[in-house]
Amino acid sequence: MSRMCKKVAPAITESYQEVFRTKSGCIYQSDVEKSLLVEFANKIARFDIRCLQRLKNAVFSINLAEMATDTSRTTDVEIISLCACEHCYVLTLREIINFRELLAGAFVMFELNSIIQERIYSIPVYA
Amino acid sequence: MKDLMRLRSLLGTEVEALLNNQIKMEAYNSSVYLAMASWCDRNGFDYSADHFYKQAEDEREHMLRFFKYVSDMGGTAVSPSVDGIPQEFESFREVFESALELEVKTTQAINNIADKCYKEKDHVTVEFLNWFHKEQREEEYVARRCLELFEVIGEEGTGRWEIDKAIPSVSYGNE
């Protein structure tokens, strides 16, 4: 007998802090759960940092020019699925552009956070 | 907010990408040396064939060192695909010219990684690269000396036979 398994969308609890927001979505980080939530395309998905990096690589490797100029129906949308990652996105050209903006912005914030953390911990403390 | 990227991996995104490129380059070099060994074997240069078989093994060892380092430091080491290996060479001399060019490009690539590491203050990776700097000193020396045999001995008459015999004796011993 097959069992139906209903997936529950992860909730944006208090432990999640906003990393970067655009008009089309938002990325949150939880230090407690050491994970990230991506709110985009009418869904909320949880990723670890490595998976999110792979998602970014996948989104940025799509050839937008080819997608825009190809008239066949199959190029109207792009399916983005990552190996060993339970989430899948089916995105239009406009959504991909918006997703790129969101992901790129979030990674700039991660880099900025790295710089800030490094500066905090590299300052010598004198008694 | 915790720095999740740093907690996950010691390597920055760009350094990791450069190290993965180097993994690919070392794998390519290993395959090219194997092609050179094959060419030497089928053209009767047995000693040179042995020399290139050994070089192919060394390059694979280098690739594994990079691979393991990326993996150990929390990065994603990418198993490389290698294609476009030249199988034919115009002459015995061209084989050694190509070998020297490979080594020069490798030294440049490793220097580029070190430049990036200094820029990003990644001294841990710089320390890892020091072994390769020393190794490249030897690799370039051997490749250059082998090529110089073509001038010193000359290719006329039994020259190529003598050059082939002299190849195993080329080594870098001034550590």
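**View 1. Secondary structure of chain A in the predicted model.** Chain A contains 3 helices and 6 strands, where helices (H or I, at least four residues) and strands (E, at least two) are DSSP runs numbered from the N terminus. The elements follow one another along the sequence as β-β-β-β-α-α-β-β-α. Residues are numbered from 1 along each chain as its sequence is written, and chains are lettered from A and ligands numbered from 1 in the order in which they are written. This is a predicted model, in which local features need pLDDT of at least 70, side-chain atom pairs count only at pLDDT 80 or more, and totals for chains, interfaces and linings use all residues. The model scores are ipTM 0.71 and pTM 0.81.

**View 2. The open sheet of chain A.** Four strands of chain A form an open sheet in the order 1-2-3-4, with antiparallel pairing; two strands pair if DSSP finds at least two bridges between them. Strand 1 (16-21) and strand 4 (43-47) of chain A are at the edges with a single partner strand each, so one side of each has no neighbour in the sheet. On average, neighbouring strands of this sheet are turned by 25 degrees against each other, direction ignored. Axes are lines fitted to C-alpha atoms, for helices over the stretch in contact, and angles run from 0 to 180 degrees between N-to-C directions.

**View 3. Strands 2 and 3 of chain A.** Strand 2 (residues 25-30) and strand 3 (residues 35-40) of chain A run antiparallel and are joined by 6 bridges. Gly25(A) has Phe40(A), in strand 3 of chain A, as its bridge partner. Helix 3 (residues 93-122) of chain A lies across strand 1, strand 2 and strand 3 of chain A, at about 120 degrees to strand 1.

**View 4. Helix 1 of chain A and its surroundings.** The 12 residues of helix 1 (residues 49-60) of chain A should span 16 Å at 1.5 Å a residue, and its end C-alpha atoms are 16 Å apart, which agrees; the expected span is 1.5 Å times one less than the number of residues. Among the buried residues of this helix are Ile49(A), Leu52(A), Leu55(A) and Val59(A) (buried: 20 or more other C-beta atoms, placed from the backbone, within 10 Å of the residue's own). Their cover includes strand 3, strand 4, strand 5 (77-81) and helix 3 of chain A, together with helix 1 of chain B.

**View 5. Where chain B meets chain A.** In this interface, 7 residues of chain B are in contact with 10 residues of chain A (contact: C-beta atoms, placed from the backbone, within 7 Å).

Definitions and conventions
Contact = placed C-beta atoms within 7 Å. Buried ≥ 20, exposed ≤ 12 C-beta atoms within 10 Å, placed from the backbone.
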